[in-house]
Amino acid sequence: MLGYFFRRRPQSTLVREPRIFVIGFNKCGTKTLHGFFKSNSIQSAHCNYEAQSDGQRTRIATTMRANVEAGRPILSSMSHYQAFSDLITLTEKEVIEANSYFREMHSAHPDAFFILNDRPLESWVKSRLNHEGGPSGSFVGRYAAAFGIEREAVPALWRNQYIEHKNAVLEYFHGHDRFLHFDIVKDGPEELKSFFGSAVPVRTSRWVKRGSAEERARIHRKRSS
């Protein structure tokens with residue numbers, strides 16, 4: 001009896017270029033962008049990624065920081081993905097906002113597309129305050145514990161982080177043709193299609209808004225029932 005064996009092609013060989021880095025904060029439409037990328041057959045990692053070797057899920061932000069600190073390419077062990085979003089690791093012991101590594105990303109991948117996903121500051125703060133984060137504790141609670149501050153002081157910390165990061169990104173990428181300042185309230189798939197052009201073909205019909213407070217509430221009710 002003849003046996004036919006098919007060797008799976010390594011995932012890394014299937015990755016399209018150029019890379020796409022979403023360098024705004026979480027709670028700024030990252031789930032919508034991630035879903036849009038995936039629905040357009042773009043290999044996209046959102047918050048976590050799966051290792052090629054064993055499929056283990058690891059935080060993108062944790063790996064990015066480890067790579068930068070060790071002097072490795074920032075996408076080491078994650079190079080089988082094309083797009084990256086929601087670049088945060090948060091526990092009661094540490095906070096890693098890996099979107100701050102946008103300079104390292106650009107240095108390693110100068111032809112990449114960079115998207116600063118933005119929204120009104122106070123609505124972003126409110127969204128973070130409302131994000132409970134499951135059994136590991138509330139989002140604001142973990143942030144306070146990691147910084148050793150009171151919960152009441154966290155919103156002011158977030159505001160400063162947001163403003164400083166936004167200003168730094170806008171200054172660094174000023175005039176860069178592969179940078180998009182994307183307002184998640186006003187902008188949509190048409191802006192992304194125009195931005196990517198023929199380099200990353202996308203279908204605007206695949207755009208679906210995700211991650212709203214209402215959607216999270218429905219999911220929470222379903223899990224609790």
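**An enclosed cavity and its surroundings in a predicted model**

The largest cavity has a volume of about 30 Å³. A cavity is a set of points on a 1 Å grid over the protein atoms alone where a 1.4 Å probe fits but cannot get out. Grid points are joined across faces, edges and corners, and the volume is the space filled by probe spheres set on the points. The count comes to one cavity of 30 Å³ or more. This is a predicted model, in which local features need pLDDT of at least 70, side-chain atom pairs count only at pLDDT 80 or more, and totals for chains, interfaces and linings use all residues. Residues are numbered from 1 along each chain as its sequence is written, and side-chain values use heavy atoms, with hydrogens and water left out.

The largest cavity is lined by Gly 24, Phe 25, Leu 116, Asn 117, Asp 118, Tyr 162, His 165 and Lys 166. Strand S8 (113-118) and helix H6 (154-172) are the elements that give two or more residues to this lining. Lining residues have an atom within 4 Å of a point. By class, the lining holds three nonpolar, three polar and two charged residues. Here Ala, Val, Leu, Ile, Met, Phe, Trp, Tyr, Cys and Pro count as nonpolar, Asp, Glu, Lys and Arg as charged, and the others, Gly among them, as polar.

The protein chain has eight helices and nine strands. These are DSSP runs numbered from the N terminus (helices H or I, at least four residues; strands E, at least two). Of its 225 residues, 43% count as buried. Buried means under 20% relative accessible area, exposed over 50%, and partly exposed in between (1.4 Å probe, protein chains only). Among contacts (heavy atoms within 4.5 Å) between residues at least 6 apart in sequence, 70% join residues at least 24 apart.

Thr 32 is found in helix H1 (residues 30-39). Thr 32 has a relative accessible area of 6% and is therefore buried. Leaving aside residues up to four places away in sequence, Thr 32 touches Trp 207, Val 208, Lys 209 and Arg 210. The Thr 32 side chain reaches the backbone nitrogen of Arg 210 at 2.7 Å.

Ser 53 lies in the loop between strand S3 (48-50) and strand S4 (57-59). At 72% relative accessibility, Ser 53 is exposed. The C-alpha atoms of Ser 53 and Ser 77 are separated by 9.2 Å, with the two residues 24 apart along the chain.

Zero disulfides (pairs of cysteine sulfur atoms within 2.5 Å) were found in the whole structure. Cys 28 is buried at 0% relative accessible area. Cys 47 is buried at 10%.

Key:
On a 1 Å grid over the protein atoms alone, a cavity is a set of points where a 1.4 Å probe fits but cannot get out, and a pocket is an open set with protein on both sides within 12 Å along at least five of seven lines; lining residues have an atom within 4 Å of a point. A polar contact is a pair of N or O atoms within 3.5 Å; within protein, one must be able to donate a hydrogen and the other to accept it, and residues adjacent in sequence count only if both atoms are side-chain atoms.
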